[in-house]
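My notes follow in the order I made them.

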Amino acid sequence: MLAYVDQPDPVPARGMVLVQIAVAGVNFMDIGVRQGMAWNEVPNPKILGVEGAGRVLAVGEGVDGVEIGQRVAWVYAPGSYAQKIVIPAASLVPIPDGIDDRTAASVMMQGLTASHFATDFYPIRPGEIAFVHAAAGGLGLLLTQIIKLRGGQVIGRVSSAGKEAVARAAGADHVIVDTDGKFVEQARQLSGGEGVHVVFDGSGPGTFQGSLDVLRRSGTFCWYGPVLGGPGPIDIMSLPRSIKLGYAVFSDHIYTPDLLRARCARLFGWIAEGQLKVHVGGIYALADAAKAHVDMASRATTGKLLLVP
């Protein structure tokens, strides 16, 4: 159960920074934590949320390069569903003046994840065809745009006809409306009968076989999204058409503070140049975080959901 409660203000220790949160992002992993699928080593009650943007209020001893009053964002700081939070200085990135707080918070986890998928895990090349599940979600919309930036083509899958226009506005070349996992035949037709070069699937075990079937020879399967569960044991000798299968985790993309700042700077640059647009699908008061979770779990939302303290 989510509850809105008062707690004492945190105090920054050595190497830490106290931030006034302006906006926090909502992610499927937050639902997983609430349901006991993660963070089980952290005793209850615990504060959910891992990403956001805000302004520095105070710095602890030994902190360099972070100033009081500076606008900053972060991608993994447990306890971000709050008004104030203490974060390691190395986990913060500066927000450029031309980027507002809501935009910055919207691209931290999902933007860095999409960047990892399309530029590192599988570097999209011009003319290649990608299949993107949940193409109207926050991650799917950013991933579609980055694939298009790199010259790729996108076949997007959405769960309702009402989401089709959102996916197309992000640049999807084709959109398949499907709730039953019956997308393979249409996708293969749209890819000239050969199948796609890469599939990005975070929709859970129900689409796993279909994602295998939609790939061409030597295609790549990018699996993500642990909250919805995995496909179970896999016999590697049963994998068809010499495909490559991997589990992509964005933290492998930003495993040092320098990489975090560089990857965020690239995202902010794309936004400033108008090449990457953020679609915010819902803004909720922090006290209404439970409603945000219900709406996200219903799969009725599009784009990024945000909480404002």
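Predicted model: local features only at pLDDT ≥ 70, side-chain atom pairs only at ≥ 80, totals over all residues.

Strand β5 covers residues 93–94, and two bridges join β3 to β5 in an antiparallel arrangement.

I then checked the pairing of β3 with β2. Strand β2 spans residues 52–59 and runs antiparallel to β3, with four bridges between them. Gly52 has Trp74 as its bridge partner in β3.

Which way do the residues of β3 point? In this strand, residues 71–74, Arg71 and Ala73 point one way, while Val72 and Trp74 point the other way. I noted that all four of these residues are buried.

Next I looked up the open sheet. It has six strands, in the order β8-β7-β6-β9-β10-β11, and the pairing is parallel. The edge strands are β8, residues 174–177, and β11, each of which pairs on one side only. From one strand to the next, the twist averages 15°.

Strand β7, residues 153–158, is joined to β8 by four bridges, and the two run parallel. Arg157 has Ile176 of β8 as its bridge partner. Helix α3 packs on the sheet and touches β9 (196–201), β10 and β11. The direction of α3 makes about 145° with that of β10.

I went on to the partner helix of α3. Helix α3 covers residues 109–121 and helix α4 residues 138–149; they pack at an angle of about 40°, with their axes 9 Å apart. The two helices are therefore oblique to each other. I recorded the crossing of α3 and α4 as right-handed. On the α3 side the contact includes Gln110, Thr113, Phe117 and Ala118, and on the α4 side it includes Leu139, Leu142, Leu143 and Ile146. Which classes of residue make up the contact of α3 with α4? I found eight nonpolar, six polar and no charged residues.

My last entry is on Ser242. This residue lies in the loop between β10, residues 215–223, and β11, residues 244–247. Is Ser242 buried or exposed? Its relative accessible area is 57%, and exposed means over 50%, so Ser242 is exposed. I also looked up the spacing of Ser242 and Arg216: they are 26 residues apart in sequence and 9.0 Å apart in space, C-alpha to C-alpha.

Note on methods. Residues numbered from 1 in each chain as written. Heavy atoms only, no water. Buried < 20%, exposed > 50% of the residue type's maximum accessible area, 1.4 Å probe, protein only. Pairing = 2+ DSSP bridges. Axes fitted to C-alpha atoms, helices over the stretch in contact; angles between N-to-C directions. Parallel < 35°, antiparallel > 145°, perpendicular 65-115°, else oblique. Left-handed = near helix turned anticlockwise from the far one by under 90°. Contact = heavy atoms within 4.5 Å. Nonpolar A, V, L, I, M, F, W, Y, C, P; charged D, E, K, R; others polar.
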